[in-house]
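Hi there,

As promised, I am handing this structure over to you. Have a look at it first, and then read on for what turned up.

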Number of protein chains: 2
Amino acid sequence: MGANDLWAQRTRALLKKHHVIMLNMIGSPGSGKTALLEQTVRHISGRHMVGRDSLSRRGRTGLCGPTLLKIAVLEGDIETKNDAERLARLKCRVSQLLTGGGCHLEAKMVHRAARDLPLGQLDMVVVENVGNLVCPAEFDIGEHAKAVVLSVTEGEDKPLKYPVIFREAKVIVISKIDLLPHVPFKMKKCLAYIRKLNVHAPVLQLSARTGKGVKAWIDWLEAFAGVMP
Amino acid sequence: MGANDLWAQRTRALLKKHHVIMLNMIGSPGSGKTALLEQTVRHISGRHMVGRDSLSRRGRTGLCGPTLLKIAVLEGDIETKNDAERLARLKCRVSQLLTGGGCHLEAKMVHRAARDLPLGQLDMVVVENVGNLVCPAEFDIGEHAKAVVLSVTEGEDKPLKYPVIFREAKVIVISKIDLLPHVPFKMKKCLAYIRKLNVHAPVLQLSARTGKGVKAWIDWLEAFAGVMP
């Protein structure tokens, strides 16, 4: 077992001690990972507001009121703190991990950042990996599950072309569905390609921009958090 | 100098012997590299047709008639031959390079494929690298220039987040501009970010889908081909 896997094991042991679960989010640059996390934080903190559909109104319907999920985010990037700043603005607990050129997060970096989090106060750590559909899929960072985010602008053939992450993911997000009328994306084909690789993972179609489908994502996160001892 | 760089040097020597120039195209999965190559082949072969704007009409205006550029394409992918098949359908000379999991093309693979091309009949070899904005930027494959393709759906901040390729590219393509009305992409900001990293490279805004801006890309390719001894 290599050094990376040892660090990943240490992280999982640390998280287990605090009953915290970790999700490793992987996707191409610009697939909408950060936008989805922004919406997630808004939902969870009860500050969700899309268009004219304010919290107070939706709260009454029970559709997306505040949840009890307490999360922190580890933001992986090669350079810039843009994404961490986007999330910090929402008062989300977030740490920036800069790889300084590296194409994926390594378990040791994640371990150090996780150790500095107030794990006793958290249910979940979401790690946004470097924007890259290839390399991050191959490195264990101590997560309990991988999520893959594929935007409809990337084309329906991407599961076939980048199969490793689609095989490994425990949840598959098809993002930016608000753009479906404007792009030549064949959803039915995409779903068939995904099912060739992965029979079990739920496939969630959503738009972080309009909010459509985000509730199902939050529901999945809550169920995922509930799996942890 | 590592083995990769030696193979890259050998490829450049081989290409020089035949007066062939090589372009290394890099971009995220789904950024539109293959779609742009399809349009390129259509233009070059004089079979360009977008919407109702048929060749015969455009040919008379001299806007996009057949050029004399003779190209071959090397298609880099992790798995599947989809992209090579898309180009072969257009009667483009194309070879598929499969990395079998690898996140970038290596110089040795490219050298072997280049050696098998009818170089004496070509002006240019365009290599479409694996869809990945990170790793391919760091490996010389024997090219004379790198091109980067960024789609407007990825967001204007990507040059700052993935600076290596934007610094190194000799031409920068902003693709899918037909989607600008539907995405929150700030073109002015994007151009400013690019200019922070790269003062000289032309930035071409285009849509392979509508054909807008593709002529400027073909013009750039022709000028680039003219640079070669």
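Let me start with a contact between the chains: the side chain of Lys161(A) makes a polar contact with the side chain of Asp83(B), at 2.4 Å. Please keep in mind throughout that this is a predicted model. A second polar contact joins the side chain of Lys161(A) to that of Asp77(B), at 3.3 Å. Leaving aside neighbours within four places in sequence, Lys161(A) is in contact with Asp77(B), Ile78(B), Glu79(B), Thr80(B) and Asp83(B).

Where does Lys161(A) sit in its own chain? Helix 6 of chain A, residues 158-161, holds this lysine. Lys161(A) has a relative accessibility of 5%, so it counts as buried. Its C-alpha atom is separated by 29 Å from that of Thr40(A), 121 residues apart from it along the chain.

Thr80(B), one of the residues that Lys161(A) touches, deserves a look of its own. Most residues other than glycine have a negative phi. Thr80(B) is not a glycine, yet its phi is positive, about 75°. You will find Thr80(B) in the loop between strand 2 (71-77) and helix 4 (82-88) of chain B. In chain A, Thr80(A) has a positive phi of about 70°, and it lies in the loop between strand 2 and helix 4 of that chain.

How are the two chains related?

Now for the fold of chain A. Its open sheet has 7 strands in the order 3-2-4-1-5-6-7, and the pairing is parallel. Strand 3 (93-98) and strand 7 (203-205) of chain A stand at the edges with a single partner strand each, so one side of each has no neighbour in the sheet. From one strand to the next, the twist averages 20°. Further in, strand 1 (residues 21-27) and strand 4 (residues 124-128) of chain A pair in the parallel sense over 5 bridges. Met25(A) is opposite Glu128(A) of strand 4 of chain A.

Helix 2 (residues 33-44) of chain A lies across strands 1, 2, 4, 5 and 6 of chain A, and runs at about 165° to strand 2. Helix 5 (residues 107-115) of chain A lies across strands 1, 2 and 3 of chain A, at about 150° to strand 3.

What about the cysteines? The count of disulfides over all chains is 0. For Cys103(A), the closest cysteine sulfur is in Cys135(B), at 3.5 Å, which is too far for a bond. Cys103(A) is buried, with a relative accessible area of 15%. Cys92(A) also counts as buried, at 10% relative accessibility.

One last stop is in chain B. Asp140(B) is in the loop between strand 4 (124-128) and strand 5 (145-151) of chain B. Its side chain makes a polar contact with the side chain of Arg12(B), at 2.7 Å. Beyond its neighbours within four places in sequence, Asp140(B) has contacts that include Asn4(B), Asp5(B), Ala8(B) and Ala107(B).

Enjoy exploring it!

Best wishes

Key
Residues numbered from 1 in each chain as written. Chains lettered and ligands numbered in written order. Predicted model: local features only at pLDDT ≥ 70, side-chain atom pairs only at ≥ 80, totals over all residues. Heavy atoms only, no water. Pairing = 2+ DSSP bridges. Helix = DSSP H or I, 4+ residues; strand = E, 2+ residues; numbered from the N terminus. Axes fitted to C-alpha atoms, helices over the stretch in contact; angles between N-to-C directions. Contact = heavy atoms within 4.5 Å. Disulfide = S-S within 2.5 Å. Buried < 20%, exposed > 50% of the residue type's maximum accessible area, 1.4 Å probe, protein only. Polar contact = N/O pair within 3.5 Å; in protein donor to acceptor, adjacent residues only side chain to side chain.
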